[in-house]
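Please read them alongside the sequence and the model.

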Amino acid sequence: MNIILLGPPGAGKGTQARILEESRGMVQLSTGDMLRAARTSGTEMGKIVADVMDRGDLVTDEIVIGLIEEKLNGDHAGGFIFDGFPRTLAQADALGDLLAKHGTKLDAVIAMEVNDDALVSRITARSTCGACGEVYNDLTKPQPADGKCSNCGASDFRRRADDNEESLRQRLMEYYKKTSPLIGYYHAKGDLQWVPGLGEIDEVSAAIAEILG
């Protein structure tokens, strides 16, 4: 099963992807994670990525598609979760062509519906474990009282410098300008489903599970 998780920054895509990995054996393909891994991999594609990033240039769609194809060539019976890709209509077309080339397709595109004001409030309270990436929130999931990550035991908690209201609203605007056309694109294809992105984690997971069957 292959799905796309759509939603603005902080909507909870990463959290839900991890749950799907654990419960269904799916593999999350996050553009950022793939690029960071490729850069240090030593492969030919990794050298290309490192060269582009070291020059400060934007990574092309062709490079990202190449990284995704490397993953598709592996044995992942549980399927894939695309997180952060596609972002544009051109990328959506390229992904569709790539999946068809490998004899597979998208089974669902799940859009996480959010309220911008509530999202900003949630993200400005967010922190992560610098060791394992576990996400905490001052409002809904505070850092443990003993100062140690509940997942790995590390004590390195971090807040992103751009997790402030002004930066977040700029990032939201960028998302709506570039990525929201995908909503209409996948709706027209009959692939789009909505879930409430700002609900409790278990509630969102249940809504996604109902869609996937």
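In which loop does Pro 86 lie? Pro 86 is placed in the loop between β3 and α5 (89-101).

The model is predicted, with local features requiring pLDDT of at least 70 and side-chain atom pairs pLDDT 80 or more, while totals for chains, interfaces and linings use all residues. Residues are numbered from 1 along each chain as its sequence is written, and side-chain values use heavy atoms, leaving out hydrogens and water.

1. Cis peptide. Phe 85 and Pro 86 are joined by a cis peptide bond, with omega at about 0°. Most peptide bonds are trans.

2. Sheet. An open sheet is formed by five strands with parallel pairing, in the order β2-β3-β1-β4-β8. Helices (H or I, at least four residues) and strands (E, at least two) are DSSP runs numbered from the N terminus; two strands pair if DSSP finds at least two bridges between them. At the edges are β2 (27-30) and β8 (192-196), each of which pairs on one side only. On average, neighbouring strands of this sheet are turned by 25° against each other, direction ignored. Four bridges link β2 and strand β3 (residues 80-83) in the parallel sense, and Gln 28 stands opposite Ile 81 in β3.

3. Helix on the sheet. Helix α8 (residues 181-189) packs on the sheet and touches β1 (3-6), β4 (108-113) and β8, contact meaning heavy atoms within 4.5 Å. The direction of α8 makes about 125° with that of β8; angles run from 0 to 180 degrees between N-to-C directions, and axes are lines fitted to C-alpha atoms, for helices over the stretch in contact.

4. Helix pair. Helix α2 (residues 31-39) packs against helix α4 (residues 61-72) at about 85°, their axes being 11 Å apart. The two are therefore roughly perpendicular, a term for angles of 65 to 115 degrees. Thr 31, Met 34, Leu 35 and Ala 38 of α2 meet Val 64, Leu 67, Ile 68 and Lys 71 of α4. This contact comprises six nonpolar residues, one polar and one charged; Ala, Val, Leu, Ile, Met, Phe, Trp, Tyr, Cys and Pro count as nonpolar, Asp, Glu, Lys and Arg as charged, and the others, Gly among them, as polar.

5. Pocket lining. Among the residues lining the second largest pocket are Ala 92, Gly 96, Tyr 185 and Asp 191. A pocket is an open set of points on a 1 Å grid over the protein atoms alone, where a 1.4 Å probe fits, with protein on both sides within 12 Å along at least five of seven lines; lining residues have an atom within 4 Å of a point. The largest contribution to this lining is from α5, with four residues.

Note on methods. Angles under 35 degrees count as roughly parallel, over 145 as roughly antiparallel, 65 to 115 as roughly perpendicular and the rest as oblique.
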